[in-house]
Structure formats: structure tokens, C-alpha cells
Amino acid sequence: MVLLLLMLLVPCKISFAVTDLTVETTKQPKDRVEVAWNVVDGATQYQVLMSEGNKDNYKVKATLSSENVGANAYAEEIAMERLSATIGSISKKKQYYFLVQALSADGAVIAQDTTDLYNGDIVSTTKQKYSYADMKKDIKQLEKKYADYIEVNIIGTTVDKRNIYDVILGNPNAEKCVVFQASIHAREYMTSQLVMEQMEYYLDNYNKKYDGKTYKKIFDEVCVHVVAMSNPDGVTISQQGFGGIRSTVLRKKLKKMRGANNTTVWKANARGVDLNRQFNYRFKYVKKWKKGSYAMYGGRNPVSENESKSLVKLVNDVNPKAVVNYHAMGNVIYCNYGASKKMQKKVYQLSGEIRSLTGYSYMGLDQTPGFANWLVCKKGIPSCTVEIGMHTTPVPISQFKTVWKQNKNVMVAVAKMYD
Ligand SMILES: [Zn+2]
């Protein structure tokens, strides 16, 4: 029996072959696109085809023969080696489709794959209710346009089955990283739009410089984990009411909660837990609101919710140099957590950089069971809470231009602080 198993296993290993082809695109400066794919066993030639507007008009844009590829590429250890071709010329605001085919010596297609790229503005900064669905679509589009520069991970799923995304901007294997987190409070969803727009802006200008260094170089050394929507169920409630929640069980419970008559200003998640009151620092169970509420109820136990668990796990996994939390509103920064002098100094370095860029002012002592409080006081990781916008939440989209001017450089500046 053992012998038989060995016989089955050994030939498998020897005949290890790459038969699938996966293609990715990364937009380059001006009107060029880098198309990249893996080497396929038995292929002697590769064809890169492109079609504009639809998938019906493919034209060959590049051909790579085995001489270009090199005989070494067929060795098992580098079988996953990537090949690429830089092609032009693509126009702005147009949709492009790409097809790469691996051909055998007799010209037969032995493997192929397609991808597409929209060469226009992806993230909307004019839409008032930037939704979970918008963000999800935009992340996918950015991934297709800039495959080399971002990596997308799902770090959790909510009770109403929405994903919590972690988009890594820059080199995912960089030794250092920072974390940006937005929309932990539901009604503060303009913060999601802001971090998405920051990413798109840097990607669009990847070879340009910030403070003497290209974005590319900065994010190669310090990557940014961007959790653009930490509380997607809550955002959905604030934007669509309880009708946006898929689970009838959750909807039924939500309707009985404090604040159920005005869902627009909802802050909590779909279980009525205020996620920024439920970290393991000075946590206290508030019995008065045990049924859950639109805000302020921290839950029965710290880190009981999927969303807070995802954030804690991310921090423990990537050990960031700093964490920036985007909230709304007030044009202020919370950064005094009553931590040790040494720790507070690190926090003030971070918040000072953000204050100098945004012009926001500092708030007084904050000792709630918030994410930043836990990061600073329990984990020793510099963190601060930045409140964008004025007068009211949800922040009216008419304020986005001002918010953008204040915050455009915050993400890149924070990454650069730790290079
Ligand atoms: Zn908030």
C-alpha cells in the first residue's frame, strides 16, 4: 500500500507543469500599459492582443517567441517566472480588454487569459453616498489597472456578509508598513471615499515625487494597508436604512434599538455595537444599552465583533509603524491618550505631521476603549484619530474639495515618516 502511494506521488511531482496562464495589467506613465503573465509549459510563443471598448476587436499588439523567453524559463524552479510586454497607446476614459495566448510550436493555443482596464477616474468624489458596492467595484478596478502596485486581501466578513478589505498599496513584502483605517463609524463614510481617492491619486502619479522621493520608492519601502471601510454593514444602514441589511433576523433586532427612527446618523455595526468603543482598553460593559444602539454601546465583551477582530488581527499580523484612523467630523485630531511620555512623543510626531498638512487642531485627553487608545496604550503603536469635515455628519459631498486639499498628502507623508 505504501509502495503504491509512493508510485502515485512520485510521477506527479516529476511531471509538475504550469498549464494555466494568468494575465495582469499595470498602467504606465503616458499612454502605455505593461501586460504581464506567467510562463506556460510547452509554449514557444506568446501573443498579446488588445481590444478597445468591447471584446470583439482584438488586435495583436506584441509577440514574444521562445528566443525572447529564453530556454531557462522552462526550468521547474522558475516555471512561474513572469513575462511582460509594454504596449501602447491607450486613450483616457476608455475601456480596454487584453488577451494573452500561449502558443505551441504548431501554432495551437494551449493556454490563455483575459483582463480589462478602465483608463479613467475610478473613485467618485462627487457622489454623496459612497457605498460598500462602490468601494468593492473601485478596488477591483484599481487592482486591474495597477496589478503591480496593489494587493487586495479580505481580512474579515461581517454578520450581514460583507467583506472587510485590506488593500496593500506598494510592496506587500516591505519591511515596514503603516495602516490607514476608515469608516469604523457608519455615518462617517466620506472617510472611505477619501482613502480610496488618496490611493488612486498616488497610483495615477506613481513616478512623481513627494518631498524629493517618488511615490513608488516611498511605498516600496513602507507599504500602506488601507482598510477603506471597517464597518460596511453600518455604512449600509446609514445610507439605505435597515432595508439595506440582508438578514431578516438582524433587521428585526435593529428595529428595536435606540436610534432606529433615524438611521442616517447610525454609527454602530449591524448588531448595534459601536466598534470604536469595544477595544481592550478601559472597556466597561454598559448595561443600560445592552440591546445595542445606534452609537456608544461597546458590546458585552471587548473585541466581540467581526469588524474589531479583523482590525486586531491585521495589527498583530503586520505590526505597523503607525495607524491612522479617519473619522468625521470637526477638523480635529485626537492624539492625547494619556500614555507614557515616551509613547506620547511618538504619537505627537505622527499627529504633528498630520496637523501641519491639514491645519486641524488637537483635542484634549481621550481615554475611551477606542482602537487608537488600545493601539497606543496597550500595543505601543503610534496612532491618532483624524476627524474630517465640518458642521454635520454625514459630511455633505460639497465639502469634499476642501477635505481633499487638507488630506491629499496625508497617506504618503505618513508612509514617508517611517522610511
Ligand atoms: Zn467616529
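K30 is found in the loop between β1 (23-27) and β2 (33-38), where helices (H or I, at least four residues) and strands (E, at least two) are DSSP runs, numbered from the N terminus. Although K30 is not a glycine, this residue has a positive phi of about 60°. K30 counts as exposed because 8 C-beta neighbours lie inside 10 Å. The terms work like this: a residue is buried if 20 or more other C-beta atoms lie within 10 Å of its own, exposed if 12 or fewer, and partly exposed in between, with C-beta atoms placed from the backbone.

Before we go on, a word about the model. This is a predicted model, in which local features need pLDDT of at least 70 and side-chain atom pairs count only at pLDDT 80 or more, while totals for chains, interfaces and linings use all residues. Residues are numbered from 1 along each chain as its sequence is written.

The pLDDT is the predictor's confidence in each residue, from 0 to 100. The mean pLDDT of the protein is 93, and 92% of its residues reach 70 or more. Two residues are in contact if their C-beta atoms, placed from the backbone, lie within 7 Å. Where pLDDT is low, the predicted coordinates should not be read in detail.

Now step back to the whole chain. The protein has 12 helices and 17 strands. Its radius of gyration is 24 Å, close to the 22 Å that the globule rule gives for 419 residues, so the protein is as compact as a globular protein of that length. Here the radius of gyration is taken over C-alpha atoms, and the globule rule is 2.2 Å times the number of residues to the power 0.38. Along its principal axes, the C-alpha trace spans about 75 × 60 × 45 Å. Of the 419 residues, 43% count as buried. Among contacts with a separation of 6 or more, 73% come from residues 24 or more positions apart.

Let us turn to the helices. Helix α3 (residues 132-145) and helix α4 (residues 190-204) pack at an angle of about 10°, and their axes are 12 Å apart. That angle makes α3 roughly parallel to α4. Axes are lines fitted to C-alpha atoms, for helices over the stretch in contact, and angles run from 0 to 180 degrees between N-to-C directions. Angles under 35 degrees count as roughly parallel, over 145 as roughly antiparallel, 65 to 115 as roughly perpendicular and the rest as oblique. On the α3 side, M135, D138 and L142 meet S192, M196, M199, E200 and L203 of α4. The residues of this contact divide into 5 nonpolar, 1 polar and 2 charged. In this grouping Ala, Val, Leu, Ile, Met, Phe, Trp, Tyr, Cys and Pro count as nonpolar, Asp, Glu, Lys and Arg as charged, and the others, Gly among them, as polar.

Just after α6, G241 takes a positive phi of about 75°.

Finally, some loops deserve a visit. G53 sits in the loop between β3 (45-52) and β4 (59-65). This glycine is exposed, with 10 other C-beta atoms within 10 Å. Leaving aside neighbours within four places in sequence, G53 is in contact with K94 and Q95. S89 is found in the loop between β5 (82-87) and β6 (95-103), and the peptide bond from G88 to S89 is cis, with omega near -15°. Another cis peptide bond runs from T393 to P394, with omega near -5°; P394 lies in the loop between β17 (383-388) and α11 (400-407). N331, in the loop between β14 (323-328) and β15 (332-334), is not a glycine but has a positive phi of about 55°. With 18 C-beta neighbours inside 10 Å, N331 counts as partly exposed.
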